[in-house]
Amino acid sequence: MVVGPRSVEPSIRVGLGIGLARIQIGGGAPLIVSGRNHAVRAQIPKGGQVEITSAGTDLRVSGSLSWSPAASESLTFSPVAPDDYVQFGAREYRGVVTIFLGRNGLTAVNRLGLESYLAGVVSSEMGRRDSTEIEALLAQAVVSRTYAQRNRGRWEALGFDFYASVVDQVYGGVGAETAIGWHAVRATAGQVVTWHGAPIDAFFFSTCGGKTAQGTEVFAGADRPYLLSIDDIDPNGLAYCRISPRFDWRTEWSGEGLRDILRESVPAALGTSLTPGAVIQSVRVAERSSSGRVSRLALSVDGREIAVTGAAVRQVLRPSRGEILRSGLFTLSETMSHGSISRLVAEGHGAGHGVGMCQWGAVGRARAGQAYTHILAAYFPDTDIERIY
C-alpha cells in the first residue's frame, strides 16, 4: 500500500567533477552567471563558452567572458530560459551548476530537484528497457529515490550530496534520460521504501546469480531486518536474473599475471606487502557465507598464509588493474608448476555486492508479470512504500 505525502520535494546536489584543474561551461543555451549573494555577474550568449581555472585561492574566467571573480567567490551558472540546460563539458544538466575551489582543485556541483535527478539516474542504472519491463524501472525509481532521501548530505564536507558515479548512483544528466525512464519517475513521484516510517538503506546491484546476500555479509553496519538473503528463483527453479550478460563469467590469470595483480592489490586492501619475486603457492576458498559467497580467501605466498576477508576478497582477486572481481559467487581451480601457481581460473555467477535489489532480477520479474510493489517486497521483505511528498 502506498501512503503519504508528508513533505515537499527536496533539491539535491551532485558532484560532477572534483579536484579539477580546469572546467568548461557553456556552448549551448544562454546562461546567467551569478556570484556571491546571488548577484548577477554576467551572461553567456547562446553558443558561448567559458573556461574556469584557479589562481591561487581564487577563480579565473576566460573565453566568451573574461574576468577575475572576487576572492573565494563561487560561480553559479543558470539557464536563461527555465526549460534550457547548463552544458558542463560535453553533457547537459537540468537545474544549475556551481563552481567553487575545493580542497584539491575545482569542484563542479549540479543542483536540481530530486525527481529531475532521478530521470538522469533510472536509465543510467537500468540501461535501455522496453515497455514490457516498465515495472523494473518503477522499482528502480523508488529504490533510487529512497537511496537519495536516506543519504542526502553524505558528502557534505565536499559541498555536495552524491557523486555522479557508482560511488552513489550513476547519473548522466539530460543525455541519459529516456521517455520510459521519465514515465517511471513520474508514475512513482515521491514514493520511497520505508521501515517503521523511515527510508530504508536501499542497496541495489546488477546481478545476484540466483541468491542475494544478507546485508552483514558485505557491509558490517548493514544489520537490517529487511536486508536478508533470498532465493531469487522463479517457479521453474530458474534464476530471475539469468537473462543478465553477467550471470555467468570466467576469469583466468597466468602465474606471472596473478603475482603482478596481487603485488598491487594486497598492499592496497590489506596493508601487507609482497616481494617483487613473490612465489604464489596457493589461492583457495577458505570460507563461504550463508548465501554461498566467498567470505574468506587464503593466499599462500612465500611460505606464509595471508587471510583475505569480506569485501577485500573482490578487491584483492582483481581480473585486471582498475576493476574488481565481478562477484563473490565463484569457485577456483589451480594449475601448479614447480611449487607455484602457473594458472588460476575463477568461474562464477552474478555481478555486484549482492545486497538488496538485483537489477537484472527485477527485469526478469517484470517480464514475468510482477508489479513493482511485488518486486520491492521480494527484495526488501516486510517494508512499506510511502509517498513522502
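## Helix H1

Take helix H1 (residues 114-126) as the way in: at 1.5 Å a residue its 13 residues should span 18 Å, and the end C-alpha atoms do sit 18 Å apart, so the two agree. The expected span here is 1.5 Å times one less than the number of residues. Helices (H or I, at least four residues) and strands (E, at least two) are DSSP runs, numbered from the N terminus.

This is a predicted model, in which local features need pLDDT of at least 70 and side-chain atom pairs count only at pLDDT 80 or more, while totals for chains, interfaces and linings use all residues. Residues are numbered from 1 along each chain as its sequence is written, and side-chain values use heavy atoms, with hydrogens and water left out.

H1 is largely enclosed by the rest of the structure, because eleven of its 13 residues are buried (under 20% relative accessible area, with exposed over 50% and partly exposed in between; 1.4 Å probe, protein chains only). Among the buried ones are Tyr117, Leu118, Val121, Val122 and Met126, and also Glu115 and Glu125.

## H1 against H2

The axes of H1 and helix H2 (residues 134-151) come within 9 Å and cross at roughly 125 degrees. Axes are lines fitted to C-alpha atoms, for helices over the stretch in contact, and angles run from 0 to 180 degrees between N-to-C directions. The two helices are therefore oblique to each other; the other classes are roughly parallel (under 35 degrees), roughly antiparallel (over 145) and roughly perpendicular (65 to 115).

On the H1 side the contact (heavy atoms within 4.5 Å) includes Leu114, Leu118, Val121 and Glu125, and on the H2 side Leu137, Gln140, Ala141 and Arg145 are among the residues involved.

## The seven-stranded sheet

Next up is an open sheet of seven strands, ordered E5-E4-E8-E11-E12-E2-E13, with mixed pairing. Strands E5 (40-44) and E13 (162-163) are the edges, each with a single partner strand, so one side of each is left without a neighbour in the sheet. Two strands count as paired if DSSP finds at least two bridges between them.

Inside the sheet, strand E8 (residues 75-79) and strand E11 (residues 96-101) pair in the antiparallel sense over three bridges, and Leu75 has Ile99 of E11 as its bridge partner. H1 packs on this sheet too, touching strands E2 (11-20), E12 (106-113) and E13, and its direction makes about 110 degrees with that of E12.

## The three-stranded sheet

Another open sheet runs E17-E22-E21, with antiparallel pairing. Its edge strands are E17 (248-254) and E21 (330-337), each pairing on one side only. From one strand to the next the twist averages 15 degrees.

E17 and strand E22 (residues 340-349) share seven bridges in the antiparallel sense, with Glu252 opposite Val345 in E22. Helix H5 (residues 255-270) packs on the sheet and touches E17 and E22, its direction making about 95 degrees with that of E17.

## Around strand E19

Strand E19 (residues 294-301) is mostly covered, with seven of its eight residues buried. Strand E18 (residues 280-288) pairs antiparallel with E19 over seven bridges, and Ile280 faces Val301 in E19. Their hairpin has five residues between the strands, and Gly292 in it takes a positive phi near 90 degrees.

E19 is also joined to strand E20 (residues 304-309) by six bridges, again antiparallel, with Leu299 opposite Ile306 in E20. This hairpin has two residues between the strands, and Asp302 takes a positive phi near 55 degrees.
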